[in-house]
Amino acid sequence: LQLQLVCDTLVGIGDISILNAAGIVVASNKAELIGRDLSAREYFKGALKDKTFKQAEGILVDPQFLNGK
């Protein structure tokens, strides 16, 4: 993934991470975040609950990533 290129291109984006359905960072432009558990974050819990796109603190979650499709 070219997440660093995306961050460098989009003004104001500090980091981009992809989380699996359990809330574990599986890809990120910052290596130190990979493997980190973010499941307790409100934006992640809200996305799981509503099963809809959520935006919080500049984060969008697509429902397809929540159910493993």
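**Close-up views of a predicted model**

**View 1. The outward side of helix 2.** On the face turned away from the buried side of helix 2, you'll find the exposed residues Glu42 and Lys49. Exposed means over 50% relative accessible area, buried under 20%, and partly exposed in between (1.4 Å probe, protein chains only). Helices (H or I, at least four residues) and strands (E, at least two) are DSSP runs, numbered from the N terminus. This is a predicted model, where local features need pLDDT of at least 70 and side-chain atom pairs count only at pLDDT 80 or more, while totals for chains, interfaces and linings use all residues. Residues are numbered from 1 along each chain as its sequence is written, and side-chain values use heavy atoms, with hydrogens and water left out.

**View 2. The buried side of helix 2.** Tyr43, Phe44 and Ala47 are the buried residues of helix 2 (residues 42-50). Looking down the helix axis, these buried residues fall within an arc of 100°, so they line one face of the helix. That arc is taken from the directions from the helix axis to the C-beta atoms.

**View 3. Ser28 and its surroundings.** Ser28 sits in strand 2 and is buried, at a relative accessible area of 13%. Its side chain reaches the backbone oxygen of Ile16 at 3.2 Å. A polar atom of the Ser28 side chain also lies 3.1 Å from the backbone nitrogen of Lys30. Leaving aside residues up to four places away in sequence, Ser28 touches Leu3, Ile16, Ser17, Leu33 and Ile34; contact here means heavy atoms within 4.5 Å.

**View 4. Confidence in strands 2 and 3.** Mean pLDDT (the predictor's confidence in each residue, from 0 to 100) is highest in strand 2 (residues 25-28), at 91, and lowest in strand 3 (residues 54-56), at 55.

Conventions. Polar contact = N/O pair within 3.5 Å; in protein donor to acceptor, adjacent residues only side chain to side chain.
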